[in-house]
Amino acid sequence: MNRLFGQGKPKGPPPNLTDCIGNVDGRAESIDKKISRLDTELVKYKDQMKKMREGPSKNMVKQKALRVLKQKRMYEQQRDNLTQQSFNMEQANYTIQSLKDTKTTVDAMKIGAKEMKKAYKQVKIDQIEDLQDQLEDMMEDANEVQEALSRSYGTPEIDEDDLEAELDALGDELLLDEDTSYLDDASSVPAIPEGVPSDTKTNREGVLVDEFGLPQIPAT
């Protein structure tokens, strides 16, 4: 049968909105280029008409400009139609993609709910409460052990009044220890003379005196 009627062509992938949007946008861009060329011609004809006087030549240029302007209007209408088609397909494509994303989200939520139910079945509230009670009892026992270990025994009773009196006296002793007035007395002591002592000395009048401070008798 294939030899008689031939083998059918393999079917290609079905069209999708993304490809259609690309094709329509490409056609719209091509029309925009044509409109741009027509605008250039219109500017040229307009400049020519400004420089020409009224007459057949100017009317001929005017007819050309009107024809170009008519073509431009037609192209603009086609471009607007293609732009609206592209917009509509983009909206449809967005809606389809949103629905797919919603379905994916719902499926993920269903799987999550099943996992939560499975995990919740393995959790026993009674066991958790019993565990909390056990931990609380153990903490109380540990506190009692710490209090028992830190208990003081064999300590003589001390009068609080005696302690306060001793504390006040201790403060006075510290103040006496911090008194530095003796340093001031030491700083007022005359300085020790420097230099090597000499055998000859003089009094205030410049007269030589001996070691007893008496004037020396000059040698004859």
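Modeller: Gladly. In this predicted model, a salt bridge joins the side chains of D39 and K72, at 2.6 Å from N to O.

Biologist: Why is the D39 and K72 pair called a salt bridge?

Modeller: The name asks for a side-chain nitrogen of Lys or Arg within 4 Å of a carboxyl oxygen of Asp or Glu. The N to O distance for D39 and K72 is 2.6 Å, so the pair meets that cut-off. Side chains of opposite charge can pair when their charged atoms come close.

Biologist: What makes the pair of D39 and K72 a tie between parts of the chain?

Modeller: D39 lies in helix α2 (residues 17-51) and K72 in helix α3, so the bridge ties together parts that are 33 residues apart in sequence.

Biologist: Is K72 buried or exposed, and how do you know?

Modeller: Buried means under 20% relative accessible area. K72 has 17%, so K72 is buried. D39 has 28%, which lies between 20% and 50%, so D39 is called partly exposed.

Biologist: How many salt bridges does the structure hold?

Modeller: The structure holds 6. One of them joins K103 and D107, at 3.1 Å from N to O. Both residues lie in helix α3, 4 residues apart, which is about one turn of the helix.

Biologist: Why is K103 called exposed?

Modeller: Exposed means over 50%, and K103 has a relative accessible area of 54%, so the word applies. D107, at 31%, counts as partly exposed.

Biologist: How do you know that D80 and R79 meet in a salt bridge?

Modeller: Their N to O distance is 3.8 Å, which is within 4 Å, so the pair qualifies. D32, R79 and D80 are also linked in a network of salt bridges.

Biologist: What makes S86 buried?

Modeller: S86 has 4% relative accessibility, under the 20% cut-off, so S86 counts as buried. This residue is in helix α3, and S86 touches I21, V24 and D25, leaving aside residues up to four places away in sequence.

Biologist: Which residues make the nonpolar surface patch?

Modeller: Y120, V123, I125 and I128 make this patch of about 390 Å². Y120 lies in helix α3 (residues 56-121).

Biologist: And why is Y120 called exposed?

Modeller: Y120 has a relative accessible area of 57%, which is over 50%, so Y120 is exposed.

Note on methods. Residues numbered from 1 in each chain as written. Predicted model: local features only at pLDDT ≥ 70, side-chain atom pairs only at ≥ 80, totals over all residues. Heavy atoms only, no water. Patch = residues over 30% accessible without salt bridge, like charges linked within 9 Å, V, L, I, M, F, W, Y side chains within 5 Å. Areas by Shrake-Rupley, 256 points an atom, 1.4 Å probe, with all protein chains shown as cover. Helix = DSSP H or I, 4+ residues; strand = E, 2+ residues; numbered from the N terminus. Buried < 20%, exposed > 50% of the residue type's maximum accessible area, 1.4 Å probe, protein only. Contact = heavy atoms within 4.5 Å.
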